[in-house]
Amino acid sequence: MSLLMPDTGLLFWMTVVFIIVFLILKKWGFPAIIKMVEDRKTFIDESLKKAHEANERLENIKQESETLLQEAREKQVQILKEAAETRDTIVANAQDKAKAEGVRLLNDAKAEIESQKQQAISEIRAQVAELSVQIAEKVLRNRLSDDKEQNALIDRLLDEVANKE
């Protein structure tokens, strides 16, 4: 039974040593341990606060990036729309210029054809007049004495024929 029940002397000295160790720990140990626990708690609280702030910043950055991405998409759509409008304007202007150039070329061609037609008619008239003069000269040699009168007569006759048509 002596193993389970210590002597009173031993119990006394164990109690004295326990009280001395307890007082030493109370004076220097517990404050250091409490200070370390409080420092650790403060560090953890600050870390949690920083993590929360970092999460908020990250969320703000996500929102800003989404906003910037949306703005970029809107600008892209606007730029594409402006490019399409510019393209359509350029195409319309080119078509208008092509039509105007076509009309101008057609009018120039018509004028050239009319000019050549008038020139051909004049040449034909001159040739007809010349042939008529030659024929008339042979036929009417006695009646008309010079070429001027013959040409005037032929022009008058051709004008009459042209007016009848």
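Q: How many aromatic pairs does the rule give in this predicted model?
A: The count comes to three aromatic pairs.

Q: Why is the aromatic pair of Phe18 and Phe22 called stacked?
A: The ring centres of Phe18 and Phe22 lie 6.2 Å apart, with 20° between the planes. Pairing needs centres within 6.5 Å, and stacking needs planes under 30 degrees apart.

Q: Where do Phe18 and Phe22 lie relative to each other in helix H1?
A: They are four residues apart in helix H1, which spans residues 8–139. That spacing is about one helical turn.

Q: What makes the pair of Phe22 and Phe30 edge-to-face?
A: The planes of Phe22 and Phe30 stand at 70°, and the ring centres are 6.0 Å apart. The angle cut-off for edge-to-face is over 60 degrees, and centres must lie within 6.5 Å. The pair of Phe22 and Phe30 is therefore edge-to-face.

Q: Which residues do ring pairs link into a cluster?
A: Ring pairs link Phe18, Phe22 and Phe30.

Q: Why is Phe18 called exposed?
A: Its relative accessible area is 56%. Exposed means over 50%, so Phe18 qualifies.

Q: What makes Phe22 and Phe30 partly exposed?
A: Phe22 has 38% relative accessibility. Phe30 has a relative accessible area of 33%. Buried means under 20% and exposed means over 50%. Both values fall in between, so Phe22 and Phe30 are partly exposed.

Q: How do you know that the charged end of Lys27 sits over the ring of Trp28?
A: The charged end of Lys27 is 6.0 Å from the centre of the Trp28 ring. The distance cut-off is within 6 Å, and the charge must also lie within 35 degrees of the ring normal. The charged end of Lys27 is listed as sitting over the ring of Trp28.

Q: What does the side chain of Thr15 reach?
A: It reaches the backbone oxygen of Leu11 at 2.7 Å. A polar contact needs N or O atoms within 3.5 Å. Thr15 is found in helix H1.

Q: Is Thr15 buried, exposed or partly exposed, and why?
A: Thr15 has a relative accessible area of 37%. That falls between 20% and 50%, so Thr15 is partly exposed.

Q: How many helices and strands does the chain have?
A: The chain has two helices and zero strands.

Terms used
Residues are numbered from 1 along each chain as its sequence is written. This is a predicted model: local features need pLDDT of at least 70, side-chain atom pairs count only at pLDDT 80 or more; totals for chains, interfaces and linings use all residues. Side-chain values use heavy atoms; hydrogens and water are left out. Buried means under 20% relative accessible area, exposed over 50%, partly exposed in between (1.4 Å probe, protein chains only). A polar contact is a pair of N or O atoms within 3.5 Å; within protein, one must be able to donate a hydrogen and the other to accept it, and residues adjacent in sequence count only if both atoms are side-chain atoms.
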